Amino acid sequence: IPTGGEGLMRIHSIYSKPKVKFNIEPNQLERVFMRLGLAETDEQLQSIISKFLPPVLLKLSSVQEGVRKKVMELLVHLNKRIKSRPKIQLPVETLLVQYQDPAAVSFVTNFTIIYIKMGYPRLPMDKQCELAPSLVTAMESKPQLQQDSLMQLLIPTLYHVKYPAEKAKGTSVFNLGEKPEIVQQLLDFMLDVLLMPYGFVLREPQSRPSQGQQQGVSGVGLAQPPPGMSSYAAKRVVGDNPWTAEQLEQVKNYLKKFIAIYS
């Protein structure tokens, strides 16, 4: 990027495959906006997003306020289009590489993970499984809330990942032998998942609790976390898209096996 962010454009491959470097100049943002507006089909919109979303996010590091403002306007428009078209695929693999770039400023990574969270669940399951190790790698040296978001994406995928029969080989799938801190965080998160009761809904108290709440009656959801869990633990397990009771049971059944492999 000409405006002091040249190092941010170095996108390193996760799988030793070369990535195409693509610069987007400030005066091209308006053209991207126009192309998004003219895209009528999902295929057209997805093609534009795949090509332009990563470099557009990098422009958030621009020293020019006008450029950052234009990027934010573009992202607001893009969000509306993406949310209304659930079949649109996002360039999650490229975004994961960009997210891990040590040269990326926090403002860029904070927005990049938003689109990782938005795009990863849309991927075909085989692609989610392929990128699952990258989610683990991406956790390193990131803020706790972002690590929680990555684990929320990872946990449902573990059920579908193919593991070698031998335990020693199984540990190499995520290369966790060299990441003791990540292992501990994953185990803590998984134990919280195992403690989560089926159908639990965490509601923040709006104001002074009512008489029913004071007596432990919570109606639709629970104002307090389940036994053995803190409010923070309950919130991070519930996440943005709470699991159904059936999904939670499936995850719990598999986590027992996963913990046995890696503990």
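User: How much space lies in the largest cavity?
Analyst: This is a predicted model: local features need pLDDT of at least 70, side-chain atom pairs count only at pLDDT 80 or more, and totals for chains, interfaces and linings use all residues. Residues are numbered from 1 along each chain as its sequence is written, and side-chain values use heavy atoms, without hydrogens or water. A cavity is a set of points, on a 1 Å grid over the protein atoms alone, where a 1.4 Å probe fits but cannot get out. With points joined across faces, edges and corners, and volume taken as the space filled by probe spheres set on them, the largest cavity holds about 40 Å³.

User: Which helix gives the largest share of the lining of the largest cavity?
Analyst: Lining residues have an atom within 4 Å of a point. Here they are Val32, Leu36, Ile48, Ile49, Phe52, Leu53, Val56, Leu74 and Leu78. Helix H1 (29–38), H2 and helix H3 (65–83) each supply at least two; helices are DSSP runs (H or I, at least four residues), numbered from the N terminus. The largest share, five residues, comes from H2.

User: Is Val56 buried or exposed?
Analyst: Val56 sits in helix H2 and lines the largest cavity. Leu29 is 27 residues away in sequence, yet the C-alpha atoms are 7.7 Å apart. Relative accessible area under 20% is buried, over 50% exposed, and in between partly exposed (1.4 Å probe, protein chains only). Because its relative accessibility is 2%, Val56 counts as buried.

User: How much space lies in the largest pocket?
Analyst: A pocket is an open set of points with protein on both sides within 12 Å along at least five of seven lines. By class, the lining of the largest pocket has 12 nonpolar, nine polar and three charged residues. The space in this pocket is about 640 Å³.

User: Which helix gives the largest share of that pocket's lining?
Analyst: Of the 24 lining residues, the closest to the centre of the largest pocket are Pro121, Gln152, Leu153, Pro156 and Asn241. Two or more lining residues come from each of helix H5 (106–119), helix H6 (125–138), H7, helix H11 (231–238) and helix H12 (245–262). The largest share, five residues, is from H7.

User: Which side chain makes a polar contact of 2.5 Å with that of Gln146?
Analyst: Gln146 lies in helix H7 (residues 144–158) and counts as buried because its relative accessibility is 10%. Beyond its neighbours within four places in sequence, Gln146 is in contact (heavy atoms within 4.5 Å) with residues including Asn110 and Ile113. The side-chain partner at 2.5 Å is Tyr99.

User: Is Gln147 buried or exposed?
Analyst: Gln147 is also placed in helix H7. Leaving aside neighbours within four places in sequence, Gln147 is in contact with Met139, Ser141, Lys142 and Gln185. Since relative accessibility is 5%, Gln147 counts as buried.

User: Which residue follows H11?
Analyst: In H11, Ala233, Ala234, Arg236, Val237 and Val238 are buried. Their cover includes H7 and helix H9 (180–195). With a positive phi, near 65°, the residue that follows H11 is Gly239.

Key. Polar contact = N/O pair within 3.5 Å; in protein donor to acceptor, adjacent residues only side chain to side chain. Nonpolar A, V, L, I, M, F, W, Y, C, P; charged D, E, K, R; others polar.
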